[in-house]
Each structure stands twice: as C-alpha cells, then as structure tokens.
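The following note is intended for a colleague who is new to this structure.

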Amino acid sequence: MVSVVQNVAIDCENAYELARFWSGVTGRSLHPEDEPGARETQVLLAEGPVLHFNQVPEPKKIKNRIHLCLRPETSREQEVERLLGLGATLVTDRRNPDGSGWAVLADPEGNEFCVLRSESDRAAMSS
C-alpha cells in the first residue's frame, strides 16, 4: 500500500488572489467553482497534484520548509522577468556566471519558490 499526493497545500491570507497569481505562473486555470472571497481555492495543474490554497488568519513569518521548484519552458532569465512582472519578488539570486544555479523568488504573500534552468539552458551548458 502507498499514499498518493493529492495536493500541495499553501496557507495564505487571500486564497483567491494567491491562486490567481499561481494560475498566471503555471498557465493553468483555477477550479471552476472558485470565486473571489473563497477561503479555499485550487489551481488545476496539467499533471500531478493540484495547488490548494487555504486561507488562514496568521501571516507567514519565517522561511518555508517546503517550496516549489519551477523549470520554465523558456530560459530561466525570461521566466524570472515574467514572474517579477506578475508580482513576484526576488529573494536570493543563486545564479552563477557560468549559467548554473537558480533564482529564489517569493509570491505576493512571501512564499519562496525557485526558478531553475530550463532544459534549453541546461543543454547549452553541456555543449
């Protein structure tokens, strides 16, 4: 017997607005029943578990112990710029001059996530 991961739950102050941000990040839609003011919302990913947003009364105070790592379809640099335009903020720049590394960003409520190198970025480094 095994367990299947159903969703990745993210506590937040505004479930609907944070889900809208992550919908823009992933290019995936919200659950059709989600609407402004909902205390729980979901972003329906193409594969795997859904992103489930739970509205809680307390704000985030410290660094996440678990976070999402994103591998973009475009270059890492283009994706970082796109996500900053959606409302993310740069937390830590772990990108190296040789092209390796990653960028640590935060969503509008301060939840950290990483942007890794794309497959094309990785292929360019190995050639």
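1. A crossing of two helices is called right-handed if the near helix is turned clockwise from the far one by less than a right angle, and left-handed if it is turned anticlockwise. The model discussed here is a predicted one. In it, the crossing of α1 and α2 is right-handed.

2. Helix α1 covers residues 15–26 and helix α2 covers residues 76–86; their axes lie 10 Å apart and form an angle of about 155 degrees. Angles over 145 degrees count as roughly antiparallel, and α1 is therefore roughly antiparallel to α2.

3. Which residues make the contact between α1 and α2? From α1 these are F21, G24 and V25, and from α2 they are E79, R82, L83 and L86. Sorted by class, the contact of α1 with α2 comprises 4 nonpolar, 1 polar and 2 charged residues.

4. The next point concerns H52, a residue of strand β3, which spans residues 50–55. Is H52 buried or exposed? Buried means under 20% relative accessible area; H52 counts as buried because its relative accessibility is 11%.

5. The side chain of H52 takes part in polar contacts with two side chains. One joins H52 to N54 at 2.8 Å, and another joins H52 to the side chain of Q42 at 3.0 Å. Leaving aside residues up to four places away in sequence, H52 touches N7, V8, A9, I10, E40, T41 and Q42.

6. Q42 itself belongs to strand β2, formed by residues 40–43. Beyond residues up to four places away in sequence, Q42 touches V50, L51 and H52, and also S29, L30, H31 and D34.

7. V8, another residue in touch with H52, is located in strand β1, which runs over residues 7–12. With a relative accessible area of 28%, V8 is partly exposed, whereas H52 is buried. Apart from residues up to four places away in sequence, V8 touches P49, V50, L51, H52 and L68.

8. How far apart are V8 and G48 in space, C-alpha to C-alpha? The distance is 9.9 Å, although 40 residues separate V8 and G48 in sequence.

Definitions and conventions: Residues numbered from 1 in each chain as written. Predicted model: local features only at pLDDT ≥ 70, side-chain atom pairs only at ≥ 80, totals over all residues. Heavy atoms only, no water. Helix = DSSP H or I, 4+ residues; strand = E, 2+ residues; numbered from the N terminus. Buried < 20%, exposed > 50% of the residue type's maximum accessible area, 1.4 Å probe, protein only. Polar contact = N/O pair within 3.5 Å; in protein donor to acceptor, adjacent residues only side chain to side chain. Contact = heavy atoms within 4.5 Å. Axes fitted to C-alpha atoms, helices over the stretch in contact; angles between N-to-C directions. Parallel < 35°, antiparallel > 145°, perpendicular 65-115°, else oblique. Nonpolar A, V, L, I, M, F, W, Y, C, P; charged D, E, K, R; others polar.
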